Amino acid sequence: MEAVDYLAEERRKAEFDVEEMKIVWAGSRHAYEISDRVSRLVASDPVFRKDNRTMLSRKDLFKDTLRKAAHAWKRIIELRLSEEEAKTLRFYVDQPAYTDLHWGMFIPAIKGQGTEEQQQKWLPMAYKMQIIGCYAQTELGHGSNVQGLETTAKFDPQTDEFVIHSPTLTSSKWWPGGLGKVSTHAVVYARLIIDGQDHGVHGFIVQLRSLDDHSPLPGITVGDVGMKFGSGAYNSMDNGVLRFDHVRIPRNQMLMRVSQVTREGKYMQSDVPRQLVYGTMVYVRQTIVSDASRALSRAVCIATRYSAVRRQFGSQNGGPETQVINYKTQQSRLFPLLASAYAFKFVGEWLKWLYADVTQRLEANDFSTLPEAHACTAGLKSVTTSATADAIEECRKLCGGHGYLSSSGLPELFAVYIPACTYEGDNIVLLLQVARFLMKTVSQLGSGKNPVGTTAYMGRVEHLTQCNCEVQRAEDWLKPSVILEAFEARAARMSVACAKSLSKFSNPEEGFAELSADLVEAAVAHCQLIIVSKFIEKLQQDIPGKGVKRQLETLCNIYALYLLHKHLGDFISTGSISPKQGALANEQLRLLYSQVRPSVIALVDAFNYTDHYLGSILGCYDGNVYQKLYDEAWKDPLNETVVPDGYHEYIRPILKQHIRNARL
Ligand SMILES: CC/C=C\C/C=C\C/C=C\C/C=C\C/C=C\C/C=C\CC/C=C/C(=O)SCCNC(=O)CCNC(=O)[C@H](O)C(C)(C)COP(=O)(O)OP(=O)(O)OC[C@H]1O[C@@H](n2cnc3c(N)ncnc32)[C@H](O)[C@@H]1OP(=O)(O)O
Ligand SMILES: Cc1cc2nc3c(=O)[nH]c(=O)nc-3n(C[C@H](O)[C@H](O)[C@H](O)COP(=O)(O)OP(=O)(O)OC[C@H]3O[C@@H](n4cnc5c(N)ncnc54)[C@H](O)[C@@H]3O)c2cc1C
């Protein structure tokens, strides 16, 4: 059989309606239609070509990015694309650019932290891209510790201005995307100083470059921070460095929704909580969870299709060898990642809803759900990005040697994705925020304040710390109530154990620091419970299409039991399940792998990714891997000449040295 036929045969085996699954994956029929149309539009446009990206020099890559961003903007206007269509276009263009920060952080920062008046002044210019902005928070010396930022904004009552200044080397802004070469403006985070008094970190709109000739304005030193990990990848972004030398801005350019400075230099705070200064990060963390499902599904699609095409060993009587996807080890590494892609998709959808809900409440001055929104966005951002980064590397290994080729698409996907574990909050720092939230929740149990939302299960802490898992046979692990209780018991017991250990310290902060590794594990358990429970909730909805719900149930069980197997130590040491029940879960997991096996190619087809978007020879739809790999090799610049440059200088003299030696 030709390699090209393997995937067609696989598609015939699917046990569900793949067209209906595409709609579930997209979120709705409307979203599916947009995604399908826009992905084809991008794939057929020569300007969006990206197959040569990893070969470009930094300068050429950056110019290519500018060209793509300008072309994308032109198409958005010409085709009158809606916001949803424009975001979809950005997703399929698949090249990080300054526009991500303009639309994704600069505009949201003004919307979330600016007054009505400030929004009316700045947003129309930003929406038309008459100004281009970035989010300048992090400095050379401080990223995680936002309260440690050193840039100052001193109020000058004589001129009614703020003077923005970088007092030290470590106060240089460092990292902001879009800052290095493009942004004309930035939301700059700086310490507000009035009459010598420090009022902490606030956001200010600062113009950086001339709107006439793009040169930096007086007092501003700005540039790019330099090459980053990998070829292509995030190097399309101009992450920047910025210093201020007493730069003056009008008083009304401080973002004043949370606190205000009057003409007289009086500092005033609204009823709005101070934490809203961090609101843009909450927004972006929420979007990063959905991005995780995209990156993960892309890697999984490549590894799954290739695993069905690739054959090694097991030929009988001259017949074909075994498809590597049929090895149980390959399945136990790959299928949980497929299940995780679906799990992250659904938790991402839920988080979007949660964020919309908290935004609506904030507008009505109801701040009660802000701490939970912060904990959920921080925790889920952390857990999904860490899992996705690991999974992309696992997918590379699942593709054997060919996975290491740039043309597999996996090295660049890994390089572009891994900073997600760091930006928008280092993943460990964010889990510690979740842990603080959990410890607060535990400390309030019994105070009459019932935990709600994602911590509602803590309200049943007495039951959860004593209950015995009811599993007796492997198939008992298929009951959603059993899975849920095991995850709840594990999370509750880990949090309660941390709280008990903390209570032994006379200084709680010292205790928190000492126990931080355990606290991070408790936070992970809580976040995994959220993901599992949102998957189970999704299955309670009406899901049309032959076999679609059944496949999703299988994936949900795989995801939960894979986590249980991976973290067996937690489940057993907390007494949430017994070792025997752990073994039964593993037995059930093996059966689930066999059950999902016939449908896996259709399950990755349901992502509806074009070959252009996948950017991988190993993952191409037709599975014609070998021919394409062979053809691709000859396109490498090294193969432009048969004899390489440098032969005469460096190879020939070595080869000929025996002649010289013989003459000696
Ligand atoms: C039309 C469209 C056209 C085209 C489309 C084109 C483009 C595409 C559009 C969109 C793309 C969308 C999105 C993509 C955008 C960007 C993504 C891509 C790249 C990423 C770029 C990266 C940017 C960055 O990295 S920005 C910098 C991020 N920095 C951090 O995350 C720093 C992390 N540190 C912190 O967050 C904090 O300092 C801290 C760790 C939380 C500690 O803070 P602090 O010391 O002040 O706090 P305490 O621990 O003492 O806590 C005090 C108190 O506050 C609570 N708290 C903390 N944080 C928050 C919060 N965020 N919200 C609410 N509450 C918070 C905390 O719990 C404590 O509460 P209690 O007192 O009650 O305990
Ligand atoms: C590609 C990329 C794009 C970025 N874009 C932007 C941008 O547009 N705008 C912007 O303002 N910033 C941006 N950043 C900066 C980013 O937000 C920070 O790098 C990030 O928040 C991490 O902070 P840090 O670099 O200070 O890490 P550090 O805090 O120095 O982390 C170093 C190590 O210390 C550990 N650590 C730190 N604090 C604690 C603690 N309290 N307890 C335990 N461990 C701890 C961390 O886990 C980590 O292992 C970007 C960064 C990258 C890599």
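**Ground rules.** This is a predicted model, so I kept local features to pLDDT of at least 70 and side-chain atom pairs to pLDDT 80 or more, while totals for chains, interfaces and linings use all residues. Residues are numbered from 1 along each chain as its sequence is written, with chains lettered from A and ligands numbered from 1 in the order in which they are written.

**Whole chain.** I found 24 helices and 11 strands, taken as DSSP runs numbered from the N terminus (helices H or I, at least four residues; strands E, at least two). The C-alpha trace spans about 95 × 80 × 65 Å along its principal axes. I then checked the radius of gyration, taken over C-alpha atoms, against the globule rule of 2.2 Å times the number of residues to the power 0.38. For 664 residues a compact globule would come near 26 Å, and the chain's 27 Å agrees. Buried residues make up 44% of the chain; buried is 20 or more other C-beta atoms (placed from the backbone) within 10 Å of a residue's own, exposed is 12 or fewer, and partly exposed is in between.

**Helix α5.** In α5 (residues 83-93) I noted T88, L89, R90, Y92 and V93 as the buried residues. Their cover includes α3 (29-43), α4 (58-78), α6 (98-113) and α21 (611-614), with contact meaning C-beta atoms, placed from the backbone, within 7 Å. Just after the helix, D94 has a positive phi of about 60°.

**Ligand 2.** I counted 20 residues around ligand 2, the closest being Q137, T138, G143, S144 and W175; a residue is near if its C-beta atom, placed from the backbone, lies within 6 Å. Both β1 (133-136) and α12 (427-443) give two or more residues to this shell, and α12 has the largest share, with three.

**Annotated positions.** UniProt's unreviewed entry lists T138 and G177 under "binding site"; such annotations may be inferred rather than shown by experiment.

T138 sits in the loop between β1 and β2 (152-156) and is partly exposed, with 18 other C-beta atoms within 10 Å. Beyond four places in sequence, T138 touches G143, K173, W174, W175 and P176.

Buried or exposed, I wondered, is G177? G177 is buried, with 25 other C-beta atoms within 10 Å, in the loop between β4 (173-174) and β5 (185-194).

Notes: Contact = placed C-beta atoms within 7 Å.
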